[in-house]
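Hello,

Here is the structure we discussed handing over. My notes on what turned up in it follow below.

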Amino acid sequence: VLWFDEMGIKEVPQVGGKSASLGEMTSKTNVPVPYGFATTAQAYWHFAEEGRIKKTIADLLDELKDPNDTQVLQRIGSAVRKTMLAAKMPDDLKKEIKRAYKALAEKVGEEEPFVAVRSSATAEDLPDASFAGQQETYLNIRGADNVVEKIKECYSSLFTDRVIFYRTQKGFDH
């Protein structure tokens with residue numbers, strides 16, 4: 001987990017474009033930015049490794065030979081998302097997210113503040129591709145357990161049918 005005031009544009013590979021931009025605004029401008037934090041790409045990979053889903057996801061995606069075959073694309077996308085949502089969030093990551101949410105609550109002076117849980121993919125805004133807006137955003141999320149669950153849902157939204165199709169068409173590794 002990195003706090004907005006701990007990141008800037010150099011952290012795009014770790015936290016994605018949205019989060020890095022929020023970090024830049026927090027630390028380098030007088031623009032009012034709500035206090036917040038981001039989970040890192042390392043957290044995502046830790047989730048995939050500890051949940052033992054990395055190989056399952058890769059095997060499912062290898063079945064996709066033609067992204068224009070919408071029935072196969074939908075079946076594979078659905079199976080990948082179900083796999084991710086069924087995976088257990090590693091205890092150490094869950095604790096870190098909950099600790100960060102508690103610190104956020106203390107900072108804003110609320111017991112369980114409402115937050116936005118947004119995707120910020122590391123390959124979101126590239127010169128030859130834009131993934132912006134393709135992953136999910138969840139608004140008015142309240143409570144540490146709900147935040148952890150919505151983070152998992154954001155992770156799984158990396159594998160909506162349209163994102164899988166777009167990555168395949170652009171030649172990006174899943």
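**Overall size and fold**

A compact globule of 174 residues would have a radius of gyration near 16 Å, and the protein has 17 Å, so the two agree. Please keep in mind that this is a predicted model. Along its principal axes, the C-alpha trace spans about 50 × 35 × 25 Å.

The secondary structure consists of 7 helices and 6 strands. Read from the N terminus, the order of the elements is β-α-β-α-α-α-α-β-β-β-β-α-α. Among contacts in the protein with a separation of 6 or more, 66% are between residues 24 or more positions apart.

**Surface and charge**

Buried residues make up 42% of the 174 in the protein. The accessible surface is about 9800 Å², and carbon and sulfur atoms account for 50% of that surface. As for charge, the protein carries 24 positive and 27 negative side chains. The centres of these two sets are 2 Å apart.

**One residue in detail**

Lys102 is part of helix 5, which covers residues 91–108. Is Lys102 buried or exposed? Its relative accessibility is 55%, and exposed means over 50%, so Lys102 counts as exposed. Lys102 can also be placed relative to Glu112: the two are 10 residues apart in sequence, and their C-alpha atoms are 7.9 Å apart in space.

Regards

Methods. Residues numbered from 1 in each chain as written. Predicted model: local features only at pLDDT ≥ 70, side-chain atom pairs only at ≥ 80, totals over all residues. Heavy atoms only, no water. Helix = DSSP H or I, 4+ residues; strand = E, 2+ residues; numbered from the N terminus. Rg over C-alpha atoms; globule rule 2.2 N^0.38 Å. Buried < 20%, exposed > 50% of the residue type's maximum accessible area, 1.4 Å probe, protein only. Contact = heavy atoms within 4.5 Å. Areas by Shrake-Rupley, 256 points an atom, 1.4 Å probe, with all protein chains shown as cover. Lys, Arg positive; Asp, Glu negative; His and termini not counted. Charge placed at Lys NZ, Arg CZ, Asp CG, Glu CD.
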